[in-house]
Amino acid sequence: MKQTKTKYKIMKQIVSDMKLPDYRYEQIINAVFHQRIDDFDNMQILPKALRMALVNEFGNRVSSVKPVFIQDSIQAEKLLFELSDGEKIEAVGLKYKQGWESFCISTQCGCGFGCRFCATGSAGFKRNLTVDEITDQLLYFLFNSHKLNSVSFMGMGEALANPELFDAVKILTDQSLFGLGQRRITVSTIGIIPGIQRLTREFPQVNLTFSLHSPFDKQRSDLMPINKKFPLNEVMKALDEHIIHTGRRVFIAYIMLEGINDTKDHAEAVVSLLKNRGSWGHLYHIDLIPYNTTDKTAFKFQSSGAIRQFGGTLKKAGISVTIRTQFGSEISAACGQLHYDNEL
């Protein structure tokens with residue numbers, strides 16, 4: 001597989017090719033991550049020839065993603081970014097009352113997996129993002145004085161379908177760059193088994209969230225066609241292995257759809273799915289998610305009114321469960337709502 005060089009490797013290469021001392025690279029990194037300078041020309045500590053070489057390679061800006069539209073709500077900020085080829089993606093910043101900031105970033109332009117309830121899936125798949133395009137979404141927030149407390153790959157696209165994700169996580173956890181601990185990062189997947197296995201091997205401390213949405217194979221295949229390729233039973237085995245290997249909790253996301261997947265039978269089937277998996281079974285945690293309506297999907301779903309009752313059934317059976325607090329639905333920035341409009 002062809003590996004793309006990240007901007008940080010290219011910066012190091014430029015310093016080396018110009019026969020400059022190593023500390024010049026460290027000065028660039030310090031300017032980006034500590035002084036938060038997004039313009040190479042403003043890195044006055046660097047020799048002019050080096051600044052010119054960086055501008056020639058990357059353009060004036062350090063970040064390759066350009067914000068073209070911003071929407072704010074009380075606790076959420078949604079960004080529409082334009083990429084160098086004109087494609088667009090969305091990312092979301094969330095601010096919690098305790099002062100904690102979390103960022104939901106994209107890994108693909110659109111998504112090709114066609115989950116029926118998801119706005120992004122209705123956009124279709126354009127392409128995978130590069131490592132820089134993934135991590136530059138976070139650079140934008142860094143340059144705009146945000147605290148990078150935690151990051152989730154829950155934006156546009158299926159994170160584990162893009163091999164560049166793993167190099168992106170490497171950059172985010174590099175102590176000389178973003179410096180995030182693995183436990184500050186969450187990867188969400190609809191059940192790409194080879195990706196789950198690779199994450200288990202390479203980044204065992206990264207949080208893993210699996211999108212379940214139905215415990216019944218036939219219905220899950222209808223709602224999420226990926227289930228035909230990676231059936232639920234096989235995905236659960238991969239998640240068991242992940243827990244056994246890492247000792248970490250696995251989060252299971254379950255979007256509550258009125259009259260579709262919110263019945264007592266569904267709740268009891270979820271209990272059956274998770275109970276008696278083994279001595280590690282207590283490390284499965286269910287997040288029940290109120291459905292966020294969208295006009296982008298062909299079939300219209302409604303949010304379930306049975307979410308507390310459903311959660312009660314799980315809790316009574318000893319399943320660890322929470323009802324997720326949603327931010328940003330009023331600006332279409334919540335779970336399953338990301339979808340850019342071409343006219344923007």
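Colleague: Is Asn276 buried or exposed?
Modeller: This is a predicted model, where local features need pLDDT of at least 70, side-chain atom pairs count only at pLDDT 80 or more, and totals for chains, interfaces and linings use all residues. Residues are numbered from 1 along each chain as its sequence is written, and side-chain values use heavy atoms, without hydrogens and water. Buried means under 20% relative accessible area, exposed over 50%, and partly exposed in between (1.4 Å probe, protein chains only). The relative accessibility of Asn276 is 79%, so Asn276 counts as exposed.

Colleague: Where is Asn276 in the fold?
Modeller: Helices (H or I, at least four residues) and strands (E, at least two) are DSSP runs, numbered from the N terminus. Phi of Asn276 is near 60 degrees, a positive value in a residue other than glycine. Its place is in the loop between helix 11 (264-274) and strand 11 (284-290).

Colleague: Which loop holds Ser145, with its positive phi?
Modeller: Phi of Ser145 is near 65 degrees, and Ser145 is not a glycine. At 60% relative accessibility, Ser145 counts as exposed. Its loop runs between helix 5 (131-143) and strand 7 (150-153).

Colleague: What separates the C-alpha atoms of Lys97 and Gln75?
Modeller: Lys97 lies in the loop between strand 3 (88-95) and strand 4 (101-104). Its relative accessibility is 78%, so Lys97 counts as exposed. Lys97 and Gln75 are 22 residues apart along the chain, and their C-alpha atoms are separated by 8.3 Å.

Colleague: Why do the buried residues of helix 3 lie on the same side?
Modeller: Helix 3 (residues 48-58) buries Leu50, Arg51 and Leu54. The arc is that of the directions from the helix axis to the C-beta atoms. These residues lie on the same side of helix 3 because they cover an arc of only 100 degrees.

Colleague: Which exposed residues does the opposite face of helix 3 carry, turned away from its buried side?
Modeller: An α-helix has 3.6 residues a turn, so residues three or four places apart point the same way. The cover over the buried residues of helix 3 includes helix 1 (7-17) and helix 2 (23-33). The face turned away from the buried side carries the exposed residues Lys48 and Asn56.

Colleague: Which residue follows helix 3 with a positive phi?
Modeller: The phi in question is near 85 degrees. The residue that follows helix 3 is Gly59.

Colleague: What do the buried residues of helix 7 pack against?
Modeller: In helix 7 (residues 193-202), the buried residues are Ile193, Gly195, Ile196, Leu199 and Thr200. They cover an arc of only 165 degrees around the axis, which puts them on the same side of helix 7. They pack against helix 6 (164-173), strand 8 (185-189), strand 9 and helix 10 (232-246).

Colleague: Which residues does Thr209 contact, leaving aside neighbours within four places in sequence?
Modeller: Thr209 belongs to strand 9 (residues 207-211). At 3% relative accessibility, Thr209 counts as buried. Contact means heavy atoms within 4.5 Å. With those neighbours left aside, Thr209 is in contact with Met154, Thr186, Val187, Ser188, Thr189, Phe251 and Ala253.

Colleague: Which residues contact Ser214, leaving aside neighbours within four places in sequence?
Modeller: Ser214 is in the loop between strand 9 and helix 8 (217-223). At 0% relative accessibility, Ser214 counts as buried. Beyond those neighbours, the contacts of Ser214 are Gln219, Arg220, Leu223, Leu232, Tyr254 and His266.

Colleague: How many Å apart are Ser64 and Lys237 in space?
Modeller: Ser64 is in the loop between helix 3 and strand 1 (66-72). At 34% relative accessibility, Ser64 counts as partly exposed. Ser64 and Lys237 are 173 residues apart in sequence, and C-alpha to C-alpha the distance is 39 Å.
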